[in-house]
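Hi everyone, thanks for making time.

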Amino acid sequence: MARVPAVGGLLPPEPGANAAPPERGIAIETLELLEWPLLADHLAGFAGTEAGRRHCRRLPLPASPAESRRLLAETTELLALDGLIEGGLSFQGVADTRATVLLCAKGGCAGGEELLQLAATLAAARRLRRQIEDPQLRPFCSALVGELRTLPELEQRLHFCLEEGGRVADRASSELAALRRRLAAALAERRERLQELLRRFAPLLQDTVLSERSGRPVLAVKAGAAGQVKGLVHDSSASGQTVYIEPQAVIALGNRLRELQGEERELERAVLLELSGRVGEEAEALQQLQHILVRLDAGLARARYGAWLGAVRPELADDPEAAFELRDLRHPLLLWQQRREGGAPVVPVTVRVGPDLRVVAITGPNTGGKTVTLKSLGLAALMARAGLFLPCSGTPRLPWCGRVLADIGDEQSLQQNLSTFSGHIRRIARILEALSTSEDPAHPADPVGAAGQRGASLVLLDEVGAGTDPTEGAALAAALLRHLAGKARLTIATTHFGELKALKYSDPRFENASVAFDVDTLSPTYRLQWGIPGRSNALAIARRLGLEETVVEAAARALGPGGEGDVNRVIEGLERQRQRQQEAAEEAAVLLARTELLHEELLQRWEQQRQQSAELQERRRQELEHSIREGQGEVRRIIRRLRQAGAGGRGAGETARQAGQRLKRLQAEHRPQPERREHGGWRPRVGDRVRLLALGKAAEVLAIADDGTELTVRCGVLRSTVDLAAIEGLHGEKPAPPEPRQPVVNVRSRRSPGSRGPEVRTEGNTVDVRGLRVHEAEAAVEERLRGANGPVWVIHGIGTGKLKRGLRQWLESVPYVERVADAEQGDGGPGCSVIWVK
């Protein structure tokens with residue numbers, strides 16, 4: 001079967017294929033050394049289809065930076081979409097249809113079940129396109145699914161002709177439907193005859209249940225009565241007591257059924273051939289559809305794998321000389337081991353390599369994490385190239401690496417008569433050959449284009465120069481690193497040779513790094529330190545592991561002055577100085593945190609005191625209002641009792657009513673006014689420094705909205721838009737609100753200029769107080785006035801005029817009443833008053 005075209009990249013050779021060129025061989029060998037297939041297998045676990053899992057296990061590497069960026073963009077878009085859809089994107093119904101399409105394209109006949117799977121794949125593709133396609137939000141994925149042809153006519157035809165399980169439906173062919181009706185009738189006729197024979201020969205039968213032999217119905221006849229039943233003997237029991245006979249009466253009918261079943265198979269095959277022909281005609285579109293679905297499934301797997309790792313999207317630079325900036329990089333395979341298998345926590349490393357650096361020599365004790373650092377960086381370069389997110393903090397930045405070449409581990413081989421040193425040298429020779437070739441190791445058949453297409457070269461060497469005489473090994477390692485400094489963008493080598501630590505001081509292209517070591521516990525911390533070479537700590541480890549003290553002391557004396565011992569002492573001093581600086585920085589950070597906490601506490605206390613003062617004033621005002629309301633109630637009760645006593649108490653009742661009106665004026669005088677803060681006229685301007693109340697941090701004003709209610713500010717690297725009320729001056733000034741714009745409204749009305757709009761009397765703005773006493777009418781009118789948003793009509797009648805005068809006198813004392821006048825003649829005239837509120 002033909003292989004699906006890959007999106008470029010390094011793939012293991014097919015079985016039986018010709019041997020790969022040396023430069024391609026070392027590139028593929030590097031993938032094995034970095035355990036890239038294991039990472040691809042982990043990725044495949046997040047795919048939703050079998051075809052997607054196969055693609056992820058191969059995990060091809062793109063041939064250009066543009067292709068890698070497109071994969072990263074697809075990963076980003078699918079990750080966001082997967083979080084928006086309830087339950088996530090689903091590839092349910094998508095099957096691997098390549099074999100079916102290939103068979104149909106060659107003129108073969110596919111089975112009904114395979115064709116149904118193809119129809120389900122078309123339906124799933126249409127659903128996915130509908131969920132994904134949005135050029136504004138997802139331009140890359142939308143461009144990908146925009147090429148999908150889901151062939152709805154073919155899908156409908158397949159579903160029309162096939163039933164569940166792949167059986168050809170009766171409706172697929174009129175001839176097939178007629179034939180199946182005849183077949184069903186023949187089966188029913190044979191069943192009736194057999195039931196009749198069962199009843200007739202019941203005494204001669206061992207069992208009254210119909211059996212079947214070789215697809216033919218038989219009766220279980222007693223051996224002694226076999227001659228009494230005419231028919232064809234198909235079988236007998238193991239004991240010989242039962243003979244299975246097909247009755248003569250149904251043999252001809254059975255033969256007819258066999259003929260009908262053969263015709264049915266021929267008609268079903270004709271339908272399947274017709275459907276397969278339709279599939280073969282659309283083979284190209286179906287192959288493209290399968291390829292796009294695999295791409296989408298692989299992209300979603302990358303997104304979910306990155307989310308599971310807690311990874312972030314990297315930025316790939318076109319310039320091969322760009323810097324490497326990877327903060328808190330964690331080895332993805334160790335993260336998998338930690339989370340899936342309960343392994344130890346992964347210690348992150350930070351890699352910052354400027355554009356001028358070419359070689360980094362990492363030193364330190366064994367088992368300190370040097371090799372893990374090499375593999376982490378190598379995997380990070382490959383993951384970014386493959387469109388995967390990196391398990392880092394912040395935004396990782398690195399150049400697009402077209403070549404990642406490694407010599408890690410021991411290539412000792414007894415069969416090939418290779419020692420450790422010989423194995424390393426042969427692998428390094430292949431690395432140098434790959435760097436010198438004029439072809440890209442990922443695509444040896446393609447001529448090398450611009451440097452941006454070839455990308456940066458990353459070389460990883462573990463224990464360079466080891467396995468031979470230390471003096472010669474150190475000299476060879478130094479010469480090799482100098483050579484690689486001119487060939488590769490970045491070479492990272494681990495070593496124990498002291499001579500390599502000194503290369504930094506004679507060549508600005510070199511840098512030292514080391515893995516930290518705890519001298520108290522004699523155990524590595526796995527943290528990478530830049531700028532300081534590390535010590536092997538062999539003597540300290542030997543002393544801790546119980547080696548005789550005399551041997552350790554003798555070794556220390558053998559180091560001698562001016563040799564490795566002096567270098568180690570210098571390194572030890574640098575480490576102590578670095579430790580002191582780190583402790584001082586931590587103390588300063590703690591002091592700063594305490595200062596910020598104190599500042600926050602002071603602000604909280606000030607706000608608390610301000611709130612308590614406002615609460616006290618509010619409580620006193622409420623107590624005063626409560627007292628006034630009680631006085632008003634008492635006055636109303638007195639008025640009621642006096643008026644009920646008769647005319648003799650009317651003067652006293654009028655006096656009490658006037659006292660109640662004075663209490664209302666007192667309440668109005670003590671009504672709380674809206675709080676008005678004095679802002680002193682301070683307004684922020686562009687370029688001013690202000691404090692964000694939500695964060696308690698200073699920010700710079702970048703822009704101010706036209707209406708003055710919103711500001712664009714920058715706090716550190718954060719740029720946001722906030723309301724005017726969300727800031728204050730650095731000295732606590734509160735911003736003055738912007739001057740309100742007075743809208744100009746032209747209203748044409750036949751009413752007087754003092755009118756507030758249409759004044760139409762309705763049931764909602766009219767209160768009838770006829771028959772009530774003055775104090776009762778006051779209460780009813782006051783209740784209506786409090787909810788009024790326009791004039792209120794009060795019907796009091798004419799009568800003696802006492803109710804009207806009492807209401808008019810009371811309304812003059814109400815502070816929120818603007819004016820009172822008689823209603824128009826049509827609304828009641830003098831018997832109705834109109835009240836306008838302010």
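Predicted model: local features only at pLDDT ≥ 70, side-chain atom pairs only at ≥ 80, totals over all residues.

Four strands, or rather 4 strands in an open sheet, run in the order E1-E2-E4-E3, and the pairing is antiparallel. Which strands stand at the edges? Those are E1, residues 211-213, and E3, residues 231-236. Each has a single partner strand, so one side of each has no neighbour in the sheet. From one strand to the next, the twist averages 50°.

Zooming in on one pair, E1 and E2 (residues 216-222) are antiparallel over 3 bridges. Within E2, Pro217 is the bridge partner of Glu212.

Now, what packs on that sheet? Helix H9, residues 174-200, touches E2 and E4 (242-247), and its direction makes about 0° with that of E2. Then there's H10, which lies across E2, E3 and E4 and runs at about 65° to E4.

H10 also turns up in the next bit, along with H6 (112-132) and H11: the buried residues of H8 pack against these helices. In H8 itself, residues 152-161, the buried ones are Leu154, Glu155, Leu158 and Cys161. Looking down the axis of H8, you'd find them within an arc of 140°, so they line one face of the helix.

On to H11, residues 283-309, which packs with H4, residues 65-84. The axes are 8 Å apart and the angle is about 70°. Those two helices are therefore roughly perpendicular to each other. On the H4 side, the contact residues include Glu67, Arg70 and Leu71, while H11 brings in Arg295, Leu296 and Gly299, among others. Sort that contact by class and you have 7 nonpolar, 2 polar and 7 charged residues.

Last stop, Val794, in strand E23 (residues 792-795). Is Val794 buried or exposed? Its relative accessibility is 1%, and the cut-off for buried is under 20%, so Val794 counts as buried. What is Val794 in contact with, leaving aside neighbours within four places in sequence? The partners are Val767, Val769, Val781, Leu807, Gly831, Cys832, Ser833 and Ile835. And Asn765, 29 residues away in sequence, sits 8.7 Å from Val794, C-alpha to C-alpha.

That's my tour, happy to take questions.

Terms used:
Residues numbered from 1 in each chain as written. Heavy atoms only, no water. Axes fitted to C-alpha atoms, helices over the stretch in contact; angles between N-to-C directions. Parallel < 35°, antiparallel > 145°, perpendicular 65-115°, else oblique. Contact = heavy atoms within 4.5 Å. Nonpolar A, V, L, I, M, F, W, Y, C, P; charged D, E, K, R; others polar. Buried < 20%, exposed > 50% of the residue type's maximum accessible area, 1.4 Å probe, protein only. Arc of directions from axis to C-beta. Pairing = 2+ DSSP bridges.
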